[in-house]
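Subject: Structure handover

Hello,

Here is the structure you asked to look at.

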Amino acid sequence: MARVVVDPLTRIEGHLRVEVEIGADSKVSDAWVSGTLYRGMETVLKGRRPQDAFYVSQRICGVCPISHGHASTMSAEDTYDLTIPNGARLVRNIIECAQYLHSHVLWFYTLAALDYVDPLKALSADIAATYDLALAVAGKYAPAGFDVRVTDFGAVQKRVGEFINAGLNNNRLSIFTNGWLGHPAYPSEMPAELHLIAVAHYLEALQVQAEASQIIGIMGGKFPHFMTSVNGGTTFVPTEEKLDDVLYRLMKVVDFVNNVMIPDTLAIAPYYAKDYPNEGIVSSAAYGAGCKNYLAWGVFNDPSFELTKRYLPGGVIKGLDLAAGVIPGLEDPDPSKVMEYVSRSWYDSADGLNPSDGETSAKYVDYDVNGKYSWGKAVRYDDLPMEVGPLSRMLVAYLRDTEMQWPDGVRTPKQLIDLTLGALGSELGLTGPVPLAALQSLLGRVAARNLETAFVADLSVASVLELVGYVKEGDVKWFEPHSVSDGKGVGMWEAPRGSVAHWMTVEGGKLSNYQVVAPTTWDIAPRDKEGADAVRGPIEESLIGAPVMDPERPMEVVRIVRSFDP
Amino acid sequence: MAHGNHDALYSQLAARGVTRRDFLKFCGSIATLMGLAETAIPQIAAAVEAAALTPRAPALWINGGACTGCTESMAQGMTPDVATVVLDLLSLNYFETVMMAQGGPEMIPGYQEGVVEAKPELTAEGAIKTMLEEGGYILIFEGTVMTGFGGNALRIAGKSQTEELPEICKNAAAIVAVGSCAVDGGWVAARPNPAEGKGIQQFCKDEGIATPVINLPTCPVNPEWVVAMVIDVLLLGQLESGAILDKLDDFGRPSLIFGQTIHDNCPRRGHFENGEFVYEFGSAEEAKGYCLYAVGCKGPQTFTNCPIVRWNDGASWCVESGAPCIGCGNANPLSPGGNWVDVGAPFLNRMPDLPIAGTTFQPSTIGAAVGAVAAGALLVHGIGMKVAGRMDGGAPYEDVRAHDRKKGGGK
């Protein structure tokens with residue numbers, strides 16, 4: 001038995017501590033996830049005006065401010081019983097799409113890639129063989145083929161090589177200092193050339209994520225932290241010139257997603273879908289599933305504004321076990337079923353409150369995994385921990401496939417998933433596709449995010465074209481004048497990393513209560529009560545049973561946690 | 001500088017698609033930001049060339065109580081792009097959001113194979129320790145210093161951040177506070193400041209640390225300013241000479257960036273002068289790009305050069321997207337309560353809510369007279385707008401003046 005602590009777990013937004021117990025079989029036998037920062041947003045907003053919550057509350061998260069801003073503005077609109085005009089719906093959808101594209105590209109390359117790709121190995125790649133491999137991958141998976149995108153792999157290798165050599169002996173390795181370069185969890189069968197391709201795209205992705213943010217810059221004023229989706233609609237009035245600027249950047253991002261990101265995913269995934277017993281490597285498709293309950297409020301409104309008709313629809317799945325053939329019925333999401341527990345968290349507010357009547361009363365006591373150990377509340381739905389994020393959304397969309405009215409020109413989540421499982425099956429030499437059950441794993445969670453990126457790429461183009469059509473019609477409206485009225489409201493939405501909801505109570509034109517359940521609140525949730533029958537949170541549960549090849553550098557643990565994009 | 005060095009740099013730049021022209025353009029934009037004449041461009045170019053060819057300057061990027069938005073914002077900088085900053089200019093040995101290493105005081109050092117020689121530590125913590133011993137690094141601090149709950153409002157590596165922070169600040173050559181949270185606590189320190197947040201300069205003062213602090217407010221920070229400061233501090237040797245401190249204003253901000261108001265440089269200023277205002281979002285006036293003063297724009301009292309530098313590689317900025325400035329660059333490093341949220345909210349009103357006897361109210365005529373002292377410069381123009389603070393239409397509008405009504409303004 002060994003205890004391993006990773007604190008801080010890096011390459012995520014914010015600060016997180018993960019503690020695991022490793023059994024004699026070298027597998028994780030217990031886990032505790034601790035959110036280690038408290039700022040008090042909900043308390044800061046009390047007594048302020050509901051109009052101001054949009055600007056302030058989005059600053060909870062600098063990676064998904066758009067989604068928080070939208071959830072806040074929707075909770076105000078729910079309070080006032082207000083429907084925003086169609087023009088504002090489209091503008092908000094496009095801004096949100098751009099944030100998804102930005103966030104998912106940034107996550108896969110900048111944050112997660114180093115868990116699967118070793119820059120050291122890239123240095124031994126043969127350049128001619130790298131071009132051959134890139135050509136072969138593009139030939140199979142890139143719709144535009146390889147000719148549209150020539151990367152100077154030799155220059156990248158030289159740059160990274162010079163960087164490492166110059167920094168090695170004088171403590172100047174920058175962000176690679178003390179990294180787990182050369183970790184044995186990178187399978188030796190994965191060719192150096194593929195490592196080099198991925199490193200080249202790691203650098204290219206830095207430009208692409210910025211292009212995606214520029215779309216928000218144009219329509220939202222700036223990113224991070226945007227300005228235009230005020231209560232009642234949007235302040236942004238599209239012009240031909242602005243829409244042209246948006247479309248120009250969007251096409252570059254969409255090109256990268258379809259011709260680089262998805263092919264990279266399909267090229268790298270096979271090496272992580274296999275067991276390598278000689279190297280002690282277990283397939284990433286064999287562990288990391290977690291609580292198997294999935295929640296999505298839904299995101300990207302269609303003209304009806306109904307949660308279950310959103311282009312990524314809302315839904316709740318309890319106890320899905322595809323490997324065992326257990327597919328429970330899909331439920332429509334209901335915010336009144338959300339409860340927050342604090343007996344293992346650093347709060348002394350009442351236990352089991354719905355956020356519409358929630359409290360935030362912070363009280364720190366010593367960190368103790370047998371007592372209180374996190375600034376995160378234990379949020380539950382129908383008393384169950386819920387995984388939120390791309391995997392939940394893609395599963396809900398998969399199950400709702402036939403009832404949906406998909407926009408013209410998009411590949412549906414089901415089509416994207418089925419296509420990928422088929423491709424992965426043939427890469428692995430199977431007679432058919434990889435079974436759907438593989439989605440419920442570490443690998444599945446990563447794949448779901450990247451496939452969602454492809455869906456959002458399609459949706460964003462469809463949405464811009466819809467907006468162009470709307471502007472052409474001439475009778476445009478961007479903002480619904482309204483008064484502030486007292487009452488309670490909730491805004492439910494999805495950040496790239498998962499379900500987000502803001503609850504507000506307005507009394508005398510001021511906020512008398514404000515509660516946020518962020519995506520990370522769901523996923524990093526600690527246990528919900530004291531004692532042996534306390535239920536673990538989603539990330540905690542997903543770590544149970546994970547193999548740990550090297551307890552000094554628990555790569556599998558950090559991969560699983562990071563796969564949630566917490 | 002020898003010609004051979006130029007060639008080495010340009011071949012490096014060319015390898016990543018940066019032309020000589022791009023490079024000089026970048027140096028030009030830095031010169032503009034630093035308020036230097038065009039004649040300074042060769043000097044900047046030489047300094048950057050020298051830096052690109054010598055060992056990278058050491059730096060630590062530490063996140064306090066942060067939303068990571070300033071890190072995100074840095075990633076949106078394109079001149080130079082973030083890869084250049086990370087690979088060529090600075091050695092960011094600790095940078096929680098992007099670093100390869102993981103934290104873990106309870107993990108035991110292991111081994112490394114291949115090209116890299118074994119290091120004594122394999123953790124993020126180790127990266128800081130090595131740098132603390134070396135000293136002389138640039139500390140870039142993002143987020144609020146969290147002092148609440150005995151510092152346990154932010155725990156890192158099994159202890160409160162404030163436990164180790166004094167040493168990290170003390171051993172730095174300079175501290176660059178990026179974003180309003182780092183400058184004065186930002187929204188985290190807004191009333192009632194539940195986690196007792198403060199800015200890094202205040203923290204240093206409280207701890208008796210004399211390391212110079214350069215404050216770069218706005219929420220998030222604009223990456224162009226950070227790059228300009230890093231080049232100013234590191235490459236042009238202005239820290240050693242003390243010249244950099246002469247360029248800072250009373251709030252520790254570079255005067256050249258924060259010396260003029262948004263209103264001074266606003267492209268919509270002409271409409272202000274003409275009395276042409278937006279009274280409702282999404283209106284015909286909005287489509288014409290009229291002035292946002294009437295819907296609460298804080299441009300007149302916010303000191304940043306946003307209209308010139310803009311955001312997201314110059315894609316746009318708040319006012320251009322039809323949104324009134326909320327004054328996120330208002331920061332007061334050594335005065336609690338001077339944060340942009342308490343100063344600027346309610347953002348869509350001209351006047352702040354006045355907190356009196358446990359409640360707040362929106363100033364009417366009398367309040368306007370008081371507020372007019374602060375907005376004195378505006379009254380010089382004879383605008384003399386009556387503040388009504390009405391709530392209809394989603395934003396509190398000024399009463400429409402006859403002059404505007406004639407021009408089709410208002411509702």
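This is a predicted model: local features need pLDDT of at least 70, side-chain atom pairs count only at pLDDT 80 or more; totals for chains, interfaces and linings use all residues.

Residues are numbered from 1 along each chain as its sequence is written, while chains are lettered from A and ligands numbered from 1 in the order in which they are written.

Chain A overall

Chain A has 15 helices and 10 strands. These are DSSP runs numbered from the N terminus: helices are H or I with at least four residues, strands are E with at least two. The C-alpha atoms fill a box of roughly 70 × 60 × 55 Å along the principal axes. Of the 566 residues, 62% are buried. Buried means 20 or more other C-beta atoms within 10 Å of the residue's own; exposed means 12 or fewer, partly exposed is in between, and C-beta atoms are placed from the backbone. Among contacts in chain A between residues at least 6 apart in sequence, 73% join residues at least 24 apart. A contact needs C-beta atoms, placed from the backbone, within 7 Å.

Sheet in chain A

Three strands form an open antiparallel sheet in the order E1-E2-E3. Strands pair if DSSP finds at least two bridges between them. E1 (2-6) and E3 (28-35) of chain A are the edges; each has a single partner strand, so one side of each lacks a neighbour in the sheet. The twist averages 15° from one strand to the next. E2(A) (residues 16-22) and E3(A) share 7 bridges. In E3(A), A:Gly35 stands opposite A:Leu16. Helix H15 (residues 555-563) of chain A packs on this sheet and touches E1, E2 and E3, with its direction at about 135° to that of E2(A). Angles run from 0 to 180 degrees between N-to-C directions, and axes are lines fitted to C-alpha atoms, for helices over the stretch in contact.

Sheet in chain B

Five strands make an open parallel sheet, ordered E2-E1-E3-E7-E9. E2 and E9 of chain B are at the edges, each with a single partner strand, so one side of each has no neighbour in the sheet. Strand E1 (residues 57-63) and strand E3 (residues 137-142) of chain B are joined by 5 bridges. B:Ile62 faces B:Phe141 in E3(B). E7(B) (residues 172-178) pairs with E9(B) over 4 bridges. There, B:Asn215 is the bridge partner of B:Ala177. Both faces of E9(B) (residues 213-216) are covered: B:Val213 and B:Asn215 are buried on one side, B:Ile214 and B:Leu216 on the other.

Contact between the chains

How many residues of chain B are in contact with chain A? There are 93, and they meet 97 residues of chain A. The chain B side divides into 52 nonpolar, 26 polar and 15 charged residues. Nonpolar covers Ala, Val, Leu, Ile, Met, Phe, Trp, Tyr, Cys and Pro; charged covers Asp, Glu, Lys and Arg; the others, Gly among them, are polar.

Best wishes

Methods:
Two residues are in contact if their C-beta atoms, placed from the backbone, lie within 7 Å.
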